[in-house]
Amino acid sequence: MSATIKQLRAFVTVARSRSLAQASAQLHTSQPALSIAIRNLEDATGGPLFSREARQLALTPEGEEFLSRAEQLLYNWDQSLDAVQQAFRLERGQLRLAVIPAYTLNQLPQLLANFHRQHPQINILLEDVVMERVTQAVQEGRAELGISFRPEDLGGLEFVPLHRDRFIAVMPPQHPLSEKGKVRWSDLASFPFIAMNRGSAVRRWTDEAFGQSGKGVHYICEANQLSTIGQLVRTGIGISAVPSLCETQVREYGLEYLPLSAPVVSQEVGILLKSRGTLSAPATAFLSAILSAITG
């Protein structure tokens, strides 16, 4: 037979008060039920914890020795229970995210600010990394949630779509293309082009689009970050094409942007996760918040 927390609490309360009547009042239970709990605990320990020879309840030597251990066990239990309750109430814990830079720079700050106002005790750990490393971070457990374009290989992850992103052409002010209502990929091929680095998904989509347009392109420069591309376009050395996620940043740089066609390049942006059932309370709350923000 194993002892229970209820039996330990009954024992400690009776041992402190040395009175079944007082202990039963404190525990809001009947004296017979309290007596049964004590006897069951004694059955589990293998011997009497109270001497019943005197009129007043007294601990046996074994009961005296066990009392301090029982008090420590109850303290540890109460602390552990309180800690997990705080976690479920979002009064403590961590939110671990891996997010592509384009989303981090534009959509994510306000989402995190709203989440922090609602749950100020949650520590936010953010990996601001390229798409391929977002997937890896979630797969390896460094992040519970990832926000990225849909990878070609989910690698066992679940993908929750948020919206579809369309590539836009980006150019300095008063560029010859800025007078058009929209531009084609073949139009971009007539000017020096600043591209993402080889091996990235954005570069792969860019190469495929130029291939479909039937025009060769002169890549004048390559960069690892979309924000760097924006700064380079700002200098006037070339133009580029970036996901529309970057529109806010493009405007902040004072650049012109237009929708791209022939072909239209669009990709789903969404949330990567292992399994909804295994998410922590902070991750579950943030997932709910971001989905509400998108649908609301």
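**Threonine 60**

I began with threonine 60, which counts as buried because its relative accessibility is 11%; buried means under 20% relative accessible area, exposed over 50% and partly exposed in between, with a 1.4 Å probe and protein chains only. I found threonine 60 in the loop between β2 (58-59) and α4 (61-88). Helices (H or I, at least four residues) and strands (E, at least two) are DSSP runs, numbered from the N terminus.

A polar atom of the threonine 60 side chain lies 3.0 Å from the backbone oxygen of proline 48. I logged that as a polar contact: a pair of N or O atoms within 3.5 Å, where within protein one must be able to donate a hydrogen and the other to accept it, and residues adjacent in sequence count only if both atoms are side-chain atoms. Apart from neighbours within four places in sequence, threonine 60 is in contact (heavy atoms within 4.5 Å) with Pro48, Leu49, Phe50 and Ser51.

**Ground rules**

I noted that this is a predicted model, where local features need pLDDT of at least 70, side-chain atom pairs count only at pLDDT 80 or more, and totals for chains, interfaces and linings use all residues. Residues are numbered from 1 along each chain as its sequence is written, and side-chain values use heavy atoms, with hydrogens and water left out.

**Whole chain**

I counted 12 helices and 12 strands in the chain. Its radius of gyration is 32 Å, whereas a compact globule of 296 residues would be near 19 Å; the radius is taken over C-alpha atoms, and the globule rule is 2.2 Å times the number of residues to the power 0.38. Along the principal axes, the C-alpha atoms fill a box of roughly 105 × 35 × 30 Å. Buried residues are 43% of the 296. Of the contacts between residues at least 6 apart in sequence, 73% join residues at least 24 apart.

**Helix α2**

I checked both ends of helix α2 (residues 20-27). At its start, a side-chain oxygen of serine 19 comes to within 3.4 Å of the backbone nitrogen of alanine 21. After α2 comes histidine 28, with a positive phi near 55°.

**Aromatic rings**

Next I went through the rings. Rings of Phe, Tyr and Trp (its six-membered ring) pair if their centres lie within 6.5 Å; planes under 30 degrees apart count as stacked, over 60 as edge-to-face and the rest as tilted. That rule gives 10 aromatic pairs. Phenylalanine 167 and tryptophan 185 are a tilted pair, because their ring centres are 6.4 Å apart and their planes are at 40°. This pair links distant parts of the chain, with phenylalanine 167 in strand β6 (residues 158-171) and tryptophan 185 in helix α8 (residues 185-188), 18 residues apart. Phenylalanine 167 is buried at 1% relative accessibility, and tryptophan 185 is buried at 0%.

Phenylalanine 167 also forms an edge-to-face pair with tryptophan 205, 6.3 Å centre to centre and 80° between the planes. Again distant parts of the chain are linked: tryptophan 205 is in helix α9 (residues 201-213), 38 residues from phenylalanine 167. Tryptophan 205 is buried too, at 6%. Ring pairs join Phe149, Phe167, Trp185, Phe193, Trp205, Phe210 and Tyr219 into a cluster.

**Cores**

Which residues touch the most other members of the largest nonpolar core? I got Tyr103, Ile147, Leu188 and Phe286, out of 70 residues. β6 gives the most to this core, with eight residues. A second, separate core has 19 residues, including Val12, Ile38, Leu67 and Ala70. A nonpolar core here is a set of buried Ala, Val, Leu, Ile, Met, Phe, Trp, Tyr and Cys residues joined through side-chain atoms within 4.5 Å.

Aspartate 187 sits in helix α8 and is buried, with a relative accessible area of 12%. Beyond four places in sequence, aspartate 187 is in contact with Leu177 and Lys180.

Asparagine 224 is in the loop between β9 (219-223) and α10 (226-235) and counts as exposed at 52% relative accessibility. Neighbours within four places aside, asparagine 224 is in contact with Val130, Met196 and Asn197.
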